[in-house]
Amino acid sequence: MGQPVIEVREFIKRYGDHVAVDRISFNVHRGEIYGLLGPNGAGKTSTLESLEGLRRPDGGELRVAGVDPSRDIRRLRNLIGVQLQTSGLPDNITVEEAMRFFCAYHGVRPNEGLINRLGLREKRKTQYTDLSTGQKRRLALALALAHGPEVLFLDEPTAGLDVGTRVELHAIMQEQKARGATILLATHDMAEAEQIADRIGILLDGRLVTTGTPLEITATGAGLTKVSVRTEKDSLAREDVAFPAVQRMHRKDEYHIFFSTDIGPTVAAIIQDVNSRGDRLIDLRVERPSLEDRFLEITSGENTR
Amino acid sequence: MTAFLNHFAFEFRTGIRNRQLLFLNYMFPLLFYLMMGFIMIDINPLFLETVVPSMVVFAIMAALLMGIPAYVVTAREAGIFRSYYINGVPSGSILAVPSLTACIHLLIVSAIITGTAGPLFDAPYPVHWPNFLLVALAMLVAMIGISVLIGVISPSTNFQVMLSQIIFIPSMLVGGVMLPYDFLPTGAQMLARIFPPTHAMNAFNGLAMGKGADFSAWGSVAILFAGGILAFWLAIYLFNWDRQNQTRRGHPALAAIALLPWLASLLLA
């Protein structure tokens, strides 16, 4: 593992009496994508904004590429690229002007290649207000990347985007990682985090309740495997249904979903039960718990580490 | 410097692209000037003598008081200043660039008013052009400083509109734009001195239009520059790129210091 580029130690952020972030600690290493997950109000944006130098911590220590964001914002500005949750651009600025404007303040030449790479070539003369949501997000990412920052802070970078644009943005994040950039990504999108983040931290009520690789986090839950079953005559729709090792069950659309601690006996019993009632299986799926399942488990307080 | 020029070029183009700014900088003052020229001169023939300076003062005051504070508040609320802050745009540039571009637009409008008032209404031209330009610049500096300061200290658009109107409405009533200063009762004259248009009209009359000043014309020029520069400095000092920013350098009430030059002008003889 490389050296830590983002260091968060016992970080506290308060707004009046409200403690938004309560003594969290984590590191992000060079060339790593770290996903910060959590429900609304968990403290993700406060953490990101403090690391970006926008907020002053009320306790603890923050370091970004060796710089204290609350003390040396001038040095920090050229080291980081930030894609804010809100647009942050004037309505009447064109794509080309925005690139020239921000690059000039970073002291670098406008990066026209990024405009083309992000599919904004045809929109170079278009005003910000006339861009679609996806184009605005792509422009925000282009501006964050234009000066080749060491560290990237991305706040909900793919929110509201179509599938094609999301895939494109994920590919760009992987390219940045490959060139050695460190990425801190705040997102609500579990699938996105599971797919592209090397490690994940889950924030809940301002506390970091778990951190690790997506696999580690999904493996540390209650260990329940999901079995989804659909039958021709819906014979599982009865009050007395019970199978070995099943902890809980519910119905979703035409599927009966069972959460099992021991998959073999559960599946065998389900098949036997269906056959014995003259019914026929249409679909049976066995899935390991996804990050989303684990996230819901954590946020509903079922199991935290 | 390249960054500043780039910023300036973009803001200048925005002043033309943005319909609201185009209306405030050009259409509104010019339409008001034409309306006043065609109607007010018939009602009050004395107005002919001051139509050029009073309409230049009106254009500068209206465009800046209605345009700049609203720009500052809405840009801050939209997160534009946060984005500028993160990308290293200095607060001085954030406030100075839109002010300078508005200055260019208003110098163009002032030139249109000054150049057309003669042919359209037989209005007298200034007798001392360099002084005319100097006083116009002094009025621009004063109103830019005040407008930017209003934008910086206002927490919302409603508050900004209220502060702007507190200056705009009395300025129109007692600032010498509609009624000459010497027509006002003594109490109203004292009140008038705390508003920039009074000093601009006094300086225009005494230094550029060949008429007598009601009190020290050079003193008025000095007050306009001093008041504008002090207000602008306070605006930079109190600048806040985000409403939630807790690192602001001073309480917005410090903006009251900007009143000092205008209060001092009561001493001008």
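This is a predicted model: local features need pLDDT of at least 70, side-chain atom pairs count only at pLDDT 80 or more; totals for chains, interfaces and linings use all residues.
View 1. Residues are numbered from 1 along each chain as its sequence is written, while chains are lettered from A in the order in which they are written. Local features need pLDDT of at least 70 and side-chain atom pairs count only at pLDDT 80 or more, but totals for chains, interfaces and linings use all residues.

**View 2. The overall build of chain B.** A compact globule of 269 residues would have a radius of gyration near 18 Å, and chain B agrees, at 18 Å (taken over C-alpha atoms; the rule is 2.2 Å times the number of residues to the power 0.38). Along the principal axes, the C-alpha atoms of chain B fill a box of roughly 55 × 40 × 35 Å.

**View 3. Where chain B meets chain A.** Each side puts in its share: 20 residues from chain B and 20 residues from chain A, contact being C-beta atoms, placed from the backbone, within 7 Å. On the chain B side, helix 1 (2-17) and helix 4 (80-86) are the elements giving two or more residues. Helix 1 of chain B has the largest share, seven residues.

**View 4. How confident is the model?** Scores are ipTM 0.81 and pTM 0.80.

Notes
Two residues are in contact if their C-beta atoms, placed from the backbone, lie within 7 Å. Helices (H or I, at least four residues) and strands (E, at least two) are DSSP runs, numbered from the N terminus.
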